[in-house]
Amino acid sequence: MYDFSHAEALAERICNSCNFSKHLKAVLKKCICYQKEVTTLMQNRPAIVAVGRTKFGEHYGKEPEKLIEEAWLAASRESGLERKALEACYISDCFLPITNKLGLEEGFLSELTELHVPMEVTRSVSAALLTACHAISSGVYSTVLVGGIEKMTDRWDKIRDDLMLLEDPWSYYAGGTPEVNHELMLRAYAKKYGIKGEDLSKLNLALAEVAVKNHAHALKNEYAQFQRRITVEHVLSARAQSQKPLGLYDFAPISDGASAVILTNENIAKKLTSKPVYVLGCASATDFLNFPGRADLTHFVATRIAIANALKMAGINLWDIQVAELYDQSTVMEMVTMEDLGFCEEGTAWQCIRGKCESYDGFYEVNGKKLFVNTNGGLKADGNPLGATGGAQVFEVFRQLRDEAGERQVKTAGEAPKYGCTQEFEGFGTKGYVTILGRD
Amino acid sequence: VSSEPIERRVSYLGDRLKASRCRICGKEYFEIRDYCGNCGRKSYGKMQSIDLFYDKGKLELCTLVNEPTNKFMKLQSFIYAIVSFHDGKIRVPGRLTDQILKKGEEVDLSELEGREVVPRFRRRHSVSESDVIPTISLAFTLADEYYPHQEYTIMQPRKEYENAGIVGYGVYTSRFRIKENGMERAVPFIDEDAVTAAVEAGKLALIHSGVDNALVGKVYVGTESNPYAVKPIASKVAQVLKLGEEDDDVQAVDAIDTEFACKAASSMFKDAAALVNYPKSGMKYAMVIGADNSQAAPRGCPGGELDLFVGYGGSAYIFGKHDVIAEIEGWYSCTSDTPDFWRRDSERYPLHGGRFTGDPAYFKHVRKATTKLMEKLDLKPSDVNYFVAHQPNPQFPVKIAKELGFKPDQYEVSLQVNKFGNTYSGCSPVGLAAVLDMAKPEERILITSYGSGAGSDSYLLRTTDQLVSKRQRQKVNIKYQAENPFIEYVDYSTYRRLKLGM
């Protein structure tokens, strides 16, 4: 009943378009074809019934537990479920053991909720959601909480060093910062595709426009860390000030925040809400921690594998996706990810962005269709509390699909989008996640 | 506090840039790997251990870091890069060192990309004063600037000599200088210290001599600016230079720190020579290193008068009986307990007993050792071609040389304090290196060191014809470092900042 031809074609294209060794090509193909078909699991199709989140930004006076409580209560209210209904919790955080000296977070959550159900901690909401989906699909649980917390501003003076924990220790020992890989990738990209002179200036402007666009989106997002319009001049002057190709406005900020998602199976979802949002596809892939040692310094192979597998699982075409939340830790990441997901040809995303953003009206145009990207402001403007970020991405796609995004609501031919996806990373492309959501 | 077991493992791999190569498919990996990801289980036991310590890399991509992470704050701004080795088979992260990037200065990154770089052994990053000092060789300099790439080729010994002597030597000083009062003095970069200078000097000596590092059975490292009150630095030198056979991760070498102010190294020349001469030792070579980031309090503080003369650098001499370039013909040492210069354990900078430094200290001991040796060997000043004396400042060595009856053309070659400053333990050996750099075969060199505290060692050396044939292997000699176009001059406050280290 599913058409896998697109996923297979994509797998073929990915393999052929990369400068991979024969060995790596084989690995890649195997990864893409490895994902099991899921038609048999239809009766337990995972569905999201409610979402909640806090505003992202600095929550100086709030402990991490206050943040997750706020997110959970919002989702709980929306679903009408009490905490006693939860059969398991999948929570993510990246740095709580470091920032807040919270080691065994599961016990801490048990104490807060007075629940003794199974709880697991991952490092991103996408990872938590993926695990939760497997549990729902397999029929082990029918109602679970998926969420994330992060409290990065509590270590304001040390957080950039902490962020290097997501990278190869040798990079840290060599003097690396959380920004260097983004800058190196940009240089590698421009070199590989021979972008120089005027084109390079255009590419740099396109990246600036990514930040401008995301800030513009965030103006309509009450939860966003920055609800402030910026201009290309802001981005450029920050770059000039730092004497670097990427400046302050090219990077996502340091944030606190929490997010929560209530996940059930299809049957229960239909009793709780008239508009369930299904997790149609979710997949992850892994790449070397050591960025210099990777085969391709211009793209993220983990994203390529994850999108191929997620599409295959969802049984939809890439072009069915109308709204996408991308992990724009930097403007470079948004550009490169547009290519990794298959929306743009390699080496061309900057032209697509540039062509569109000059007279921006809310969407990119890919393959002759509208694609709404980072409608919540992306990590750049919405904020990036690592462990909670993926939850904000799901929150946004959930709202968009249900036509509940208020001022931010996007429409194609007068209708809310039917399919959306989130794409997340842990580290600099070390773990790549793609989640495809859809409605009836 | 850094975790010492981690420090042990990281520096074991990172100081030498250890890597692995699959003997089946040739794939290479940074770090030690037990099997190849390409060949899987069948490659187990077939991985060849290699390292990149003497290699040159290519700077593939780079970016400017001007907001470093906390431990790199003292570097202020630097270039961070991806460096490849062996035509891209291995790619590692690294930073460019020996560069002071001025605030607001435009850096042309594409001008750097594609250039050849040399890995340098340096301090890794800042730590608190109580911590073990982390080191690494993921610091690079451009191969076409101050420090060129040099191959290390092990040479089979051709000839055994009757007396032990110098087989090879190396002198290292940093790229930075301060120029004041007609004197130039070497200034370490902020990630350099006595340990890194010792390793650099030792590396240059191995390259010059062509001696197999595994045959060096003993290393003496003399310094008075050991960054540790307790912990040998000779152990670091032995490990980084892989002296003696490596078994497991242990080197079959005796490594020892020595300290006697400025004669900590020269004092050990005879010990090294005697050791390789002892028939039962089975030891072919012994290395003596003198290296200092010469200590001095800031000007205007007690002990601050030293700040006018201190330098930075190291020298290393390898002693043996094979392929000798200068045989040792005799020596004389003398000692008295004269407290002209000292530093108590808890103090940061040494103090200087001004009234002792001249006559009762330096001149008395240098005079005594030199005249006694000349008497012992029945020498007149005209019997030697060169005279080298310890050089705490530009005046003292000239005054004593004249007094002892030597002529300017006998001692002027050795006068290096004007170029590098007083490199303390490395000082008179640097003067000797300047002479060896240009001496002819069958010439006699008289060298007298001086160490505060106080004592002197005087040696008579006679050069052989191998001195000339080995010379071409040493690109980085005294003249090269003294007259290098890439020397960068710094002002007083930068000099103090760099000297203090990271």
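**The interface and a buried serine**

Tutor: Lys191(A) and Glu113(B) join their side chains in a salt bridge, with 3.0 Å from N to O. Please keep in mind that this is a predicted model.

Student: How many salt bridges does the rule find across the interface of chain A and chain B?

Tutor: The rule finds two across that interface. There are also 15 residue pairs in polar contact between chain A and chain B, counting pairs with both residues at pLDDT 80 or more.

Student: Which helices of chain A each supply at least two residues to the side that touches chain B?

Tutor: They are α7 (159-163), α8 (169-173) and α9 (180-192) of chain A. The largest share of that side comes from α9(A), with six residues.

Student: And what classes of residue make up the side of chain A that touches chain B?

Tutor: That side has 13 nonpolar residues, together with nine polar and nine charged ones.

Student: How many residues does each chain bring to the contact, and what area is buried?

Tutor: Chain A brings 31 residues and chain B brings 39 residues. The area buried between the two chains is about 2800 Å², and carbon and sulfur atoms give 58% of it.

Student: Back to α9(A), please. What distance does it reach from its first C-alpha to its last?

Tutor: The helix α9(A) has 13 residues and reaches 18 Å, close to the 18 Å expected at 1.5 Å a residue.

Student: Is α9(A) mostly covered or mostly uncovered?

Tutor: It is mostly covered, as 10 of the 13 residues of α9(A) are buried. Among them are Val180(A), His182(A), Met185(A) and Tyr189(A).

Student: What follows α9(A)?

Tutor: Gly194(A) follows the helix, and the phi of Gly194(A) is positive, near 60°.

Student: Now a change of topic: where is Ser20(B) found?

Tutor: Ser20(B) is in strand β1 of chain B, which covers residues 18-22.

Student: Why is Ser20(B) classed as buried?

Tutor: Ser20(B) is classed as buried because its relative accessible area is 2%, and the cut-off for buried is under 20%.

Student: Which backbone oxygen lies 3.0 Å from a polar atom of the Ser20(B) side chain?

Tutor: That oxygen belongs to Glu31(B).

Student: Which residues are in contact with Ser20(B), leaving aside neighbours within four places in sequence?

Tutor: Beyond those neighbours, the contacts of Ser20(B) include Lys27(B), Tyr29(B), Glu31(B), Arg33(B), Met47(B) and Ile50(B).

Note on methods:
Residues are numbered from 1 along each chain as its sequence is written. Chains are lettered from A and ligands numbered from 1 in the order in which they are written. This is a predicted model: local features need pLDDT of at least 70, side-chain atom pairs count only at pLDDT 80 or more; totals for chains, interfaces and linings use all residues. Side-chain values use heavy atoms; hydrogens and water are left out. Contact means heavy atoms within 4.5 Å. Buried area is the accessible area (1.4 Å probe) that two parts lose on being put together, summed over both. A salt bridge is a side-chain nitrogen of Lys or Arg within 4 Å of a carboxyl oxygen of Asp or Glu. A polar contact is a pair of N or O atoms within 3.5 Å; within protein, one must be able to donate a hydrogen and the other to accept it, and residues adjacent in sequence count only if both atoms are side-chain atoms. Helices (H or I, at least four residues) and strands (E, at least two) are DSSP runs, numbered from the N terminus. Ala, Val, Leu, Ile, Met, Phe, Trp, Tyr, Cys and Pro count as nonpolar, Asp, Glu, Lys and Arg as charged, and the others, Gly among them, as polar. The expected span of a helix is 1.5 Å times one less than its number of residues. Buried means under 20% relative accessible area, exposed over 50%, partly exposed in between (1.4 Å probe, protein chains only).
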